[in-house]
Amino acid sequence: MFVPFVDPITHENLQYEDGFYKSEISEKKWPIINEIPRFCDLNNYSNSFGYQWNIFSKNQIDSFSGTDQSEKRFYLETSWSPEDLNNKKILEVGCGAGRFTEVVLSKTNANLHSFDFSNAVYANYQNNSKFRSRLRLSQASLYEIPYKDKSFDKIFCLGVLQHTPNFDQSLKALVSKLSISGELVVDFYPVKSILTFIHSKYIFRLITPYMPKKILLGLIRLFAPLCIYLFDLLCFLGLSLFTRFIPITDLRLIPKKLSSEERKEWAIMDTFDAFSPRFDNPKSIKHVSSYLKSLGCEISFAGYVNFPGGKSAVVRAIRKR
Ligand SMILES: C[S@@+](CC[C@H](N)C(=O)[O-])C[C@H]1O[C@@H](n2cnc3c(N)ncnc32)[C@H](O)[C@@H]1O
């Protein structure tokens, strides 16, 4: 059973009609495009992600990359087991191309509700077509989620919050959809120290989010081989602290078993992912935990989680009121 869609603002029930959902009371309509209901303005601040995830639609999907990086990351960060997810109402927020959608649907019999603010949902739809009967996809914003409050037992939101305009409001919106005793898991870019902001990314980002996406991607592609060479050289010389001055993603976090061409593509994708989004708002783990506590949650974990090829700042919270 799926949780039914509602009007994202008034929470009125919706009726399905050919090609759209319609509010029973206000008669407002939301279109269904490529079989995916769209509950938001299609042109929004997340457009760079729609572009990115429909170009690099398969690179991070375990079944295509031949790695288990997304699976390992998901289960280590959430500390859930596949059995925990069976017969639960689960919501994935900011699903991108569906790397974690695949992880949940491939090893459990759960029904999953996933949405993203961008047209990345189309990449997810294609990547997870074989699970279609257990996947309820939509395009929506986490500030206007098309489900009633307190609907979900488990909510996960990985790699998303730093890209939203108001981190705390985003947390509040997620908690509102959790049932009492339901569990939320988030990961995010952490603020560790002032060093977090001493990074070439924050200089380039003064311009790059506003550049035409095609040109930005072209420039990243052009300079990637040189940047990769310099990054690897600094690491080889034991000077990895200085890699932050090279405008490329942290190459040490890319799975080791990829070929050099695949590694380059992954690096280009991750660099575009860092330079193109409109928002990049890291937060401290302490801030995220205390804000979730103020929303009536108990924190079951707050800290760093290591997974093969990376490390994330993670907070797990259980809604108490
Ligand atoms: C870095 S991607 C991560 C995607 C996916 N979770 C993953 O880890 O592969 C961040 C995603 O957050 C989505 N996003 C940003 N703001 C959002 C919002 N207000 N509501 C829903 N999704 C949002 C973007 O469209 C993008 O696909």
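Let me start with a term: a residue is called buried when its relative accessible area is under 20%, exposed when that area is over 50%, and partly exposed in between, using a 1.4 Å probe and protein chains only. By that rule Asp-280 is buried, with a relative accessible area of 11%.

Before going on, a word on the source. This is a predicted model, in which local features need pLDDT of at least 70 and side-chain atom pairs count only at pLDDT 80 or more, while totals for chains, interfaces and linings use all residues. Residues are numbered from 1 along each chain as its sequence is written, and side-chain values use heavy atoms, with hydrogens and water left out.

Now, what does Asp-280 pair with? Its side chain meets that of Lys-201 in a salt bridge, at 2.9 Å from N to O. A salt bridge here is a side-chain nitrogen of Lys or Arg within 4 Å of a carboxyl oxygen of Asp or Glu. This pair links distant parts of the chain, 79 residues apart: Lys-201 is in helix H8 (residues 200-204), and Asp-280 is in the loop between helix H10 (260-275) and helix H11 (285-294). Helices (H or I, at least four residues) and strands (E, at least two) are DSSP runs, numbered from the N terminus. Lys-201 also counts as buried, at 11% relative accessibility.

How many salt bridges are there in the whole structure? The search finds 13. Another of them joins Asp-149 to Lys-177, with the closest N and O atoms 2.7 Å apart. Asp-149 lies in the loop between S7 and strand S8 (152-158), and Lys-177 in the loop between helix H7 (167-176) and strand S9 (178-188), so the pair ties together parts that are 28 residues apart in sequence. Lys-177 is buried, with a relative accessible area of 4%, whereas Asp-149 is partly exposed at 40%.

A further salt bridge runs between Asp-232 and Arg-263, whose closest N and O atoms are 2.9 Å apart. Asp-232 sits in helix H9 (residues 213-236) and Arg-263 in helix H10, 31 residues apart. Asp-232 is partly exposed at 30%, and Arg-263 is partly exposed at 24%.

Next, the domains. The chain is divided into domain 1 (14-190 + 282-319) and domain 2 (194-275), with bounds from an automatic or database domain assignment. Their C-alpha centres lie 26 Å apart. In contact, meaning heavy atoms within 4.5 Å, are 20 residues of domain 1 and 20 residues of domain 2.

The area buried between the two domains is about 1600 Å², and carbon and sulfur atoms give 63% of that. Buried area is the accessible area (1.4 Å probe) that two parts lose on being put together, summed over both. On the side of domain 1 that touches domain 2, the largest share, 7 residues, comes from helix H1 (residues 47-55).

Last, Arg-134. Is this residue buried or exposed? It counts as buried, at 18% relative accessibility. Arg-134 is found in the loop between helix H6 (120-127) and strand S7 (135-139). Leaving aside neighbours within four places in sequence, its contacts include Phe-2, Leu-105 and Thr-108. The side chain of Arg-134 reaches the backbone oxygen of Leu-105 at 2.6 Å.

Key:
A polar contact is a pair of N or O atoms within 3.5 Å; within protein, one must be able to donate a hydrogen and the other to accept it, and residues adjacent in sequence count only if both atoms are side-chain atoms.
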